[in-house]
Amino acid sequence: MDKPRTHHPRKRTFYDMLPDYTRPPFELAPGSRDRMRKRLAFLYGRRKAGRYIQELERIMKVHHAHKPPEMLEKEKRYDANERFTEQDMILITYGDIIQGRGETPLSILYNFVNTYIRGAFNTIHLLPFFPYTSDRGFAVVDFRQVDPKLGSWADIHEKKKTYDLMFDAVLNHVSSMSEMFLEFRNGNPRHLEYFISYDSPDDLTGEQRKKLFRPRTSDILTRFETINGPKWLWTTFSEDQVDLNFKNPDLLMQVIDSLLFYIRHGADLLRLDAVTYLWDEPGTSGVHLPHTHEIIKLIRDVVDAVGSGVALITETNVPHKDNVSYFGNGHDEAHMVYNFALPPLVLHAFYGEDAGRLSRWADTLAAPSDSATFLNIL
């Protein structure tokens, strides 16, 4: 019997916290630039695409300037086909799952994992560790701060010394108490187009409401008082989670900048939370829209272009056919999708004492390419 291959953790390299502009600047390959510009044109039209491709390049140049020379040398030898192995094991956990005295919860968690289960996992998925107001972290107040109840960025960086890290990118919405939304209520012109608002709940017709596919039974529109009078905001999940308006290219630029910020702070994998509902369009089902896929593909282009080696995981708990559509062609969208069908089929096999159905289903699975795969969860 062949000896199983042992996973060897890669040598850790860390981004500089400050950019160094004395080094040669990042240059976007012409083919990549053309592809990104076409995606922006699909989303926002050709005229805006010309302006925002320049902003996208600026964001990538800033990110690149944070890379120390050893990271740049390492990336020259990077093989994307070796991003995943069957030996990779991910521990998914909230930052405060273990409590103690004298240290931050994130530090206590790290010490516990190192002491009691070290070697069982090579990756830690830290569920949202940002300040929040509801939904156990998924109503984010500030996307760039660690919740002080959990610890600090220093605690996150400490974990990075030993483990790969997976962060949640909560793209679909923000907390109603976030500064971004409070500024919308204050009438700040910069934030007025960051959300989808109506002057009356009747502006979204009954027929349009019927077509929407949603994971909640609450009203899709929530009333908020603003400096400009009452407004009704698109809220897919709850009254405290206000949807972001990705029809605004300025918002998309801010989101991409934040994703690169996460990478600089240690993210090896980015879980795109609730990405199914990203593009809100009255008159449609609101899920799996072409614009949503195009945004994910643009994020993939950016992540691949800056040479980060980071993987994108789409969280789309939907029927298998729709779920695997987020692979794109196997090279241009998600690096991984959740294998949501696996847990219930495993339970079915245990309870029925028959693995036939599980085996037949497994025979139908095929990775879409040599650089994309399923994320199996149990």
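This is a predicted model: local features need pLDDT of at least 70, side-chain atom pairs count only at pLDDT 80 or more; totals for chains, interfaces and linings use all residues.

Colleague: In what order do the seven strands of the open sheet lie, and what is their pairing?

Modeller: Strands of a sheet pair through backbone hydrogen bonds, either parallel or antiparallel. Here the order is E1-E2-E3-E9-E10-E11-E12, and the pairing is parallel. Strands (E, at least two residues) and helices (H or I, at least four) are DSSP runs numbered from the N terminus, and two strands pair if DSSP finds at least two bridges between them. Strand E1 (90-93) and strand E12 (373-376) are the edges; each has a single partner strand, so one side of each is left without a neighbour in the sheet. Neighbouring strands of this sheet are turned by 30° against each other on average, direction ignored.

Colleague: Which bridges join the strands, and which residues are partners?

Modeller: E1 pairs with strand E2 (residues 123-126) in the parallel sense over four bridges, and Ile90 has Thr123 in E2 as its bridge partner. Strand E3 (residues 164-170) runs parallel to E9, with six bridges between them; Ala169 is partnered by Leu272 in E9. E9 is also joined to strand E10 (residues 311-314) by four bridges, again running parallel, and Leu270 has Leu312 in E10 as its bridge partner.

Colleague: How many residues of strand E9 are buried?

Modeller: Buried means under 20% relative accessible area, exposed over 50%, and partly exposed in between (1.4 Å probe, protein chains only). In strand E9 (residues 267-273), seven of the seven residues are buried, so the strand is largely enclosed by the rest of the structure.

Colleague: What handedness has the β-α-β unit that contains E9 and E10?

Modeller: A crossover is right-handed if, with the strands pointing away from the viewer, the path from the first strand over the helix to the second runs clockwise. E9, helix H9 (residues 290-305) and E10 make a right-handed unit of this kind.

Colleague: Which strands form the open sheet of three, and which of them stand at its edges?

Modeller: The order is E5-E7-E6, with antiparallel pairing. Strand E5 (197-198) and strand E6 (221-226) are at the edges with a single partner strand each, so one side of each lacks a neighbour in the sheet. E6 pairs with strand E7 (residues 229-234) in the antiparallel sense over six bridges, and Arg223 stands opposite Trp232 in E7.

Colleague: How is the packing of two helices to be read, and at what angle do H1 and H9 cross?

Modeller: Two packed helices are described by the angle between their axes and the distance between the axes. Axes are lines fitted to C-alpha atoms, for helices over the stretch in contact, and angles run from 0 to 180 degrees between N-to-C directions. The axes of helix H1 (residues 30-44) and H9 come within 10 Å and cross at roughly 155°. That makes H1 roughly antiparallel to H9; angles under 35 degrees count as roughly parallel, over 145 as roughly antiparallel, 65 to 115 as roughly perpendicular and the rest as oblique. Contact means heavy atoms within 4.5 Å, and the residues of H1 that meet H9 include Arg35, Met36 and Phe42.

Colleague: At what angle do the axes of H4 and H5 cross?

Modeller: Helix H4 (residues 105-116) and helix H5 (residues 153-160) have axes that come within 9 Å and cross at roughly 15°. H4 and H5 are therefore roughly parallel to each other. Leu106, Ser107, Leu109 and Tyr110 in H4 meet Asp155, Ile156, Glu158 and Lys159 in H5.

Colleague: Is Asp240 buried or exposed, and where is its place?

Modeller: Asp240 lies in the loop between E7 and strand E8 (241-243), and at 15% relative accessibility Asp240 counts as buried. Asp240 and Ser175 are 65 residues apart in sequence and 5.5 Å apart in space, C-alpha to C-alpha.

Conventions: Residues are numbered from 1 along each chain as its sequence is written. Side-chain values use heavy atoms; hydrogens and water are left out.
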